[in-house]
Amino acid sequence: MCSADKANIIELLEYLQDIIEDAAKVPITGKVIVDKKEIIEIIEQITNYLPDEFKKAQWVMSEKDRILSEAKKENENIRAQTMDLMKKQIENHDIVKEAQLKAQDILSLAQREAKEMRLGARDYADEVLTQLEREINETTNTALEKIKLDVEEMASKFTEDMNKTSSTIRSNVKELRDMK
């Protein structure tokens, strides 16, 4: 940057300072009112006097941010791929395979035992129901025999009572006939 450009930049900055210091003040707030267009023109002139190195530095800074962002994305992708690869390697590892086989064996054993329990429970229930049916049949037969005996006894007594009553009635009828 040549000395003329430096002098111009300093001159423009001093002019910008004068504009701000001489600007109309807004009461109580401590703020000032400036001509926006005039300020922007001065800033553009200062920017034009700045050497290309500043512009290049600004470009380098923006490129640095872009490159860092891309590097972070690439890092995340590589990390995800590494995790997937590690998971696959772990899944293929002999210990995992052995554990999976052991788990299958345990599951098969549990299923066999559950089936045996179901069959045992079904056999037990069948046995209990068969015994219950036998007891019901025996109780029913016993009750029917008792009812049959009671009915026969009652019929016999009824017949006997009827015969006595008939006999008494005949005897009374005979007595009545003989009375005449």
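This note walks through a predicted model point by point.

1. **Basis.** The model is predicted; local features need pLDDT of at least 70, side-chain atom pairs count only at pLDDT 80 or more, and totals for chains, interfaces and linings use all residues. Residues are numbered from 1 along each chain as its sequence is written, and side-chain values use heavy atoms, with hydrogens and water left out.

2. **The nonpolar core.** Start inside. The largest nonpolar core has seven residues: I9, L12, L16, I19, I39, I42 and I46. Helix α1 gives the most, with four residues. A nonpolar core here is a set of buried Ala, Val, Leu, Ile, Met, Phe, Trp, Tyr and Cys residues joined through side-chain atoms within 4.5 Å. Buried means under 20% relative accessible area, exposed means over 50%, and partly exposed lies in between (1.4 Å probe, protein chains only). Helices (H or I, at least four residues) and strands (E, at least two) are DSSP runs, numbered from the N terminus.

3. **A negative patch.** E11, E14, D18, E21 and D22 gather on the surface as a patch of negative charge. One of them, E21, sits in helix α1 (residues 3-22). E21 is partly exposed, at 47% relative accessible area. Patch members have over 30% relative accessible area and no salt bridge; like charges are joined within 9 Å, nonpolar side chains (Val, Leu, Ile, Met, Phe, Trp, Tyr) within 5 Å. Asp and Glu count as negative, Lys and Arg as positive, while His and the chain ends are not counted. The charge is placed at NZ of Lys, CZ of Arg, CG of Asp or CD of Glu.

4. **A nonpolar patch.** I20, V32 and V34 form a nonpolar patch on the surface. Together they have about 200 Å² of accessible area. Such areas come from the Shrake-Rupley method with a 1.4 Å probe; for residues, only the protein chains shown count as cover. I20 belongs to helix α1. Its relative accessibility is 41%, so I20 counts as partly exposed.

5. **Salt bridges.** How many salt bridges are there? The count comes to six. The rule asks for a side-chain nitrogen of Lys or Arg within 4 Å of a carboxyl oxygen of Asp or Glu. K64 and D65 meet in one, at 3.9 Å from N to O. K64 is partly exposed at 38% relative accessibility, and D65 is partly exposed at 46%. E63, R66 and E70 are linked in a network of salt bridges.

6. **Pairs along α4.** Two salt bridges deserve a look here. E153 and K157 pair at 3.8 Å, N to O. They are four residues apart in helix α4 (residues 94-178), so about one helical turn separates E153 and K157. E153 is partly exposed, with 46% relative accessibility. K164 and E160 pair at 3.9 Å, N to O. Again the spacing in α4 is four residues, so K164 and E160 are about one helical turn apart. E160 counts as partly exposed at 43% relative accessibility.

7. I28 lies in the loop between β1 (24-25) and β2 (32-33). I28 is not a glycine, yet has a positive phi of about 70°. Is I28 buried or exposed? Its relative accessibility is 90%, so I28 counts as exposed. L176 is in helix α4. At 56% relative accessible area, L176 is exposed. The two residues are 148 apart along the chain, and 151 Å separates the C-alpha atoms of L176 and I28.
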